[in-house]
Each structure stands twice: as structure tokens, then as C-alpha cells.
Amino acid sequence: MKNIDLSETKPLSLHEIKVYQGFKFCMMNIRKTLLIPLLACCAALAMLLGNAACSGDNKDQLTSTVDSFSTAYFNWRFPAALKYCTPESQQWLVFAASQVNKSDVEALRNKQEGASCKIDNIDFTDDSTATVKVVVSNFLAMDTIGLAPKSIAEKTFRLHAIQRQGTWKIALEGLPN
């Protein structure tokens, strides 16, 4: 960069100064009027990209929660299923566990393989609520107290899930049936 000596510069005329100030004023107004919409567009684009990136993770987390809950619940591992539920759902898991008797445990032990689950469909009600259709195969269904559990080849269940503080949880309003 070349150093300019003050003696080499020529003074600006009053007209040139006014034109320069008018140009500067005009550019500042243009900048202000364009800057706000430009920033708004950038913010909107960032939010859209952020939501698109999170929605895949959001669905993956929901799928993982439903699969883990279903596998634990339909294999009668109620304490393991509890960590995938809302605190309000605990009463239903405690109730289910209280209905298991010695003959039920024997029937479960005698099974060759445990229950398996497959998520068939996810229906998002909104960003934080979903209904998930789960197909459960090869599980024991509790029957009336005193009767042996029934082996079910396949049955479809609908589970309700809600997102709380960024984590999906199963919201039981009764025992899945």
C-alpha cells in the first residue's frame, strides 16, 4: 500500500463534500433497509436447516424409545420399561407387575424365545405428540387372575408418546391392549 503525503492531496470543494455526504447518507439508508430483511432471511434459513437436521434425530429417538419400551414391556420386564415412560405411567406398570404370579413367571420361562416388536407407523399429532402403531409377535398376554397367560402370535398396539424436555416418553393411559 502506498503512503500518501498530505502535500500530495488536493482539498475537496464544498460541492464534492456535499455529494460525498449525500452518497454516504443514501448508502446508509439502503444498508438499513436491506440489512433487516437480509438478516431475517438468514435467520429463517438457519431455523429451517436446524429443524430439518433435528427432525431425523427426533424420529430416530422416538423410534428407539418405542422399540425399547415395547421390547421390555411385552417381555414383562416392567422395571426396564419404566425408564421409557412418563412418571404418570408408572402406576400402570406397577399394576401390571402386581398381576404377575408364580405360574405366569413359569410360563414366561418356558417360552423358547421372547416377544419381538416392529414399528409399523408413526403418526405425529404435532411436534411433541405422536401415536405409534407397533406390531408385537410371540408374546404372552396376561389373562384373568388365576388363569395361565395366553400365547399370542401377533397383535397390533397403538402407543401414545410425548416429548418432554427433548426426550420422547411413552404416555400410558391404561395397559396396552
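The dialogue below reads the main features of this predicted model.

User: What kind of model is this, and how are residues numbered?

Analyst: It is a predicted model, in which local features need pLDDT of at least 70, side-chain atom pairs count only at pLDDT 80 or more, and totals for chains, interfaces and linings use all residues. Residues are numbered from 1 along each chain as its sequence is written, and side-chain values use heavy atoms, with hydrogens and water left out.

User: How many helices and strands does the chain have, and in what pattern?

Analyst: Helices (H or I, at least four residues) and strands (E, at least two) are DSSP runs, numbered from the N terminus. Here there are 4 helices and 4 strands. Along the sequence they follow the pattern α-α-α-α-β-β-β-β.

User: Which strands pair, and in what direction do they run?

Analyst: Two strands count as paired if DSSP finds at least two bridges between them. β1 and β2 run antiparallel and are joined by 9 bridges; the hairpin between them passes through 2 residues. Within this pairing, Ile122 stands opposite Val132 in β2. β2 and β3 also run antiparallel, with 12 bridges. There, Phe139 has Ile152 in β3 as its bridge partner.

User: Which residues touch the most other members of the largest nonpolar core?

Analyst: A nonpolar core is a set of buried Ala, Val, Leu, Ile, Met, Phe, Trp, Tyr and Cys residues joined through side-chain atoms within 4.5 Å. The largest one has 27 residues, and Leu62, Phe69, Tyr73, Phe74, Leu93 and Val136 touch the most other members. At least two residues of this core come from each of α1 (14-74), α2 (78-82), α3 (90-98), β1 (116-126), β2 (129-141), β3 (150-164) and β4 (167-170).

User: What does Leu93 touch?

Analyst: Contact means heavy atoms within 4.5 Å. Leaving aside residues up to four places away in sequence, Leu93 touches Phe69, Tyr73, Phe78, Ala81, Leu82, Cys85 and Leu172. Over the chain, residues 24 or more positions apart account for 56% of the contacts with a separation of 6 or more.

User: Where do Lys133 and Asp120 lie?

Analyst: The side chains of Lys133 and Asp120 form a salt bridge at 3.2 Å, N to O. Lys133 lies in strand β2 and Asp120 in strand β1, so the pair ties together parts that are 13 residues apart in sequence. Lys133 is partly exposed at 24% relative accessibility.

User: What is the salt bridge of Arg109?

Analyst: Arg109 meets Glu106 at 3.4 Å, N to O. The two are 3 residues apart in helix α4 (residues 102-109), so they are separated by about one helical turn. Arg109 is exposed at 61% relative accessibility, whereas Glu106 is partly exposed at 36%.

User: How many aromatic pairs are there?

Analyst: A pair of aromatic rings is described by the distance of the centres and the angle of the planes. Rings of Phe, Tyr and Trp (its six-membered ring) pair if their centres lie within 6.5 Å; planes under 30 degrees apart count as stacked, over 60 as edge-to-face and the rest as tilted. The count by this rule is 7 aromatic pairs. The rings of Tyr73 and Phe74 have centres 5.0 Å apart and planes at 85°, so this pair is edge-to-face. Tyr73 is buried at 9% relative accessible area, and Phe74 is buried at 5%. Phe124 and Trp168 are also edge-to-face, at 6.0 Å centre to centre and 65° between the planes.

Note on methods. Buried means under 20% relative accessible area, exposed over 50%, partly exposed in between (1.4 Å probe, protein chains only). A salt bridge is a side-chain nitrogen of Lys or Arg within 4 Å of a carboxyl oxygen of Asp or Glu.
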